[in-house]
Every structure is written in C-alpha cells, then in structure tokens.
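The sequence and structure are shown first.

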Amino acid sequence: MNDNKVYIFDTTLRDGEQVPGCKLNTKEKLELALVLEDLGVDILEAGFPISSPGDFESVTEISKLIKNTTVCGLSRAVLKDIEVAAEALKPARHKRIHTGIGTSDYHIKGKFNSNRADILERAKQCVKWARNFVDEVEFYAEDAGRTDNEYLAKVVEAVINAGATVVNIPDTTGYCLPSQYGAKMAYLRNNVPNIDKAILSCHCHNDLGLATANAIEGVINGARQIECTINGLGERAGNTSLEEVVMIIKQHKDLGYYTRIKSEQLNPVSKLVSDTMRMPVQPNKAIVGANAFSHSSGIHQDGFLKSAITYEIINPTEVGADTSKIVLTARSGRSALAYRLKNLGYNFNRNSVDIIYAKFLEIADHKKEIQDEDLHQLAQQVEVTV
Ligand code: KIV
Ligand code: ZN
C-alpha cells in the first residue's frame, strides 16, 4: 500500500441509487460506470446482486465492461448473498466482494436479536466464505460509528485474520462527530495487532451534515479509503460527497495525501449523474453547485475583480466548472456593474457608471437578479442622455 494514496471507492451506483426516485436501469448504470472509471475512481460499487435480478444483471454487465477499476458487489453476511455476488462479478478483471454485518448493540439486539459472540462468528464466517471466490474482500461493520470500540477492535482483528483485505468502518447513521470518528480510526490502528494487513475505509452518512468532515478525519487518523458518491447522494441525507473529499485532499497539500481523480471532470460528471438520476444539485453545493463560483455582494465582487484569490480558493477550470460569475443584485457594487457592462461591449467612464448605477439600484431593488437585457436597456438610456 502506498501510504499517502487515498483510494476512492465510489458507491453512487449502490448507496447513491438507494435514494427514492434515483433508481437506474442497466443501460444508465453502464453509462455512469464508464464515466466513473474515466474519472479515476479506484473501486466502483456496482450494486447489491442478490437484491433483484435487475441489479444482478447490472453488476454482471458492468463487470464485463470495466477494464481497470475494481468492480465491487455488496452482500449481507449471508452465504447465499456472497455466492450470488461472486457469480455476478465473475466477468470482472478486478473484483471485490463487500460483505458485513451490524456490530453496534442497537443492531446486534434490535435487528438480529443476537449477541456479540455470535455476530463475531458470523463476521469471520462471511469473510472466509467470500475469500473462496475472490482475493479482495471488504468487510463492513455496519453502524461502527455507534459500536463499542473494544468490541469493534475484536471484530476487525478477527475479519482480517479470516482474510479481509479492507475493513470498512461505516458511520451508518451519521451520528459521529469528526473528533469521535477520527478517534475510532486511531483506536483501531493502535489496538488491532494485525491492522497493517488491511486498509481501513471510511463510509460516512450525512445525517448531521458531517459526512465529509468525518471521512477526512478518518483519513487523518489512518484510513486510506473513502467511500463516497457523486453529489453526496445516498440513503437519507446522503453519503460523503466525492467531489468534496477529492478537492479537500487536493487543496490541502499540507495533509500530504492524494487521489487518482481527474478533478476537471467533476462538474461534467456531477451534471450527468444529476440528469440521469433525476436529482437536482442544490445551487450552494460545494464544488458542483450552480453558485459555487458566483459572486454577488459588492465587497466580494470588488475584491474578486482585483485578485480572484481574495474570494476563490479553487479555479473553476480545475473542477470543470464554467468561469466564475459576477451576478448583479441590489447588493452589487459599481466595479461589478462596470465589469459586466464592459463584457457587453460598453466602455463607460466613471461618471456614466455612477449614473447607470443609481438607475441600476432602483431596478435591482425590485428584481432578484439583473440580466444582460436589463443592462443593455440601462446602457442605451445613458448613451442617449450623456
Ligand atoms: O451505511 C452503511 O453502513 C452501508 C453498508 C452496507 C456499507 O451502506
Ligand atoms: Zn451507507
């Protein structure tokens, strides 16, 4: 394992597709799988083969198509699930079975009506079984975020001994604070004797808006894989958003990590996923939202026009977004107005801009945003009177 590389495990087609209304057919899944491979994801979770014949078919077809990326299939800690996942993954060049079971007392008692010792046995058994079919087995300790650390360490040690090559520590309910999630990773790194034989993975949900922060904190504390989705799609409030973790790692070179993701493709891929899954992206979404590179207040616009770095930490071309936008509202200033007029071919002097600005504010107080047509009209009025 390269110590500084963070593996990107994309689960848009599995956890992302669990979002109501985002269901994909095989053709749509194949199109997105190719795009995600080209984006540079290291592992692609293609689906949950036992869940339906359609998902089985999607995982098989993706396995035939994808060349370099590892294709992964989800299963429960159920022998039949694992066999079906292995069957669906058969054509894949690089394959991984992702199997696991709930390890928190909430799950052990509430879901399985079982006890810690039995769950530990089932965890070992499912990993051993999966290793009969593939070399790469990832174990997930569902609800690890709320699992007692001492017990979790025992489970992690046991599944690594049973042959797990990756161990996923999901914060399934999005409950953890970044400090708690980071401390959990550090605890595992320091207390599981065979931990160097597996990669630790972060799988964080966004119920408290902490999925991205938790995944990054997990990496800082020793994890080297992040499970994430395009646009942060996923069960309930969603998963860690791929574009956010990739750009945090890229912007914060001081952290010393890197991914293989081609960041210039992030916006086009986000748009394709949003269109295909019929799930709009909120305008203020980091990296891929429509407003991520828009400046509308006068103070920000003035600073940005003097030197972009004053208000932009990412160049939009780096993430494949359109150029930065200067949006005109009643909060905009003269320099933004002059800039937009200049872009439309008007070269007014300072006095004329002042005159236009007064008229502009009158209109802007009644309109949400001033468009190019409004500017043409304003400019023509002033051209006539000056
Ligand atoms: O959130 C979760 O725990 C999951 C597992 C199936 C990995 O999605
Ligand atoms: Zn999940």
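## Ligand site

Thr-172 has a polar side-chain atom 2.7 Å from an oxygen atom of ligand 1. For Asp-15 the corresponding distance to an oxygen atom of ligand 1 is 3.1 Å, and for His-205 it is 3.0 Å. Taken alone, ligand 1 exposes 260 Å², of which the protein buries 92% (Shrake-Rupley areas, 1.4 Å probe). Residues around ligand 1 (a heavy atom within 4 Å) include Arg-14, His-98, Tyr-140, Glu-142 and Asn-168.

## Basis of the values

This is a predicted model, in which local features need pLDDT of at least 70 and side-chain atom pairs count only at pLDDT 80 or more, while totals for chains, interfaces and linings use all residues. Residues are numbered from 1 along each chain as its sequence is written, chains are lettered from A and ligands numbered from 1 in written order, and side-chain values use heavy atoms, without hydrogens and water.

## Thr-103

Thr-103 is buried, at 1% relative accessible area (buried means under 20%, 1.4 Å probe, protein chains only).

Beyond its neighbours within four places in sequence, Thr-103 is in contact with residues including Ile-108, Glu-142 and Tyr-151 (heavy atoms within 4.5 Å).

## Barrel

Eight strands close into a barrel in the order E1-E2-E3-E4-E5-E6-E7-E8, with parallel pairing (at least two DSSP bridges between two strands). Strands E2 (residues 43-47) and E3 (residues 70-76) are joined by four bridges, and Leu-44 stands opposite Val-71 in E3.

Notes. Helices (H or I, at least four residues) and strands (E, at least two) are DSSP runs, numbered from the N terminus. Buried means under 20% relative accessible area, exposed over 50%, partly exposed in between (1.4 Å probe, protein chains only). A polar contact is a pair of N or O atoms within 3.5 Å; within protein, one must be able to donate a hydrogen and the other to accept it, and residues adjacent in sequence count only if both atoms are side-chain atoms.
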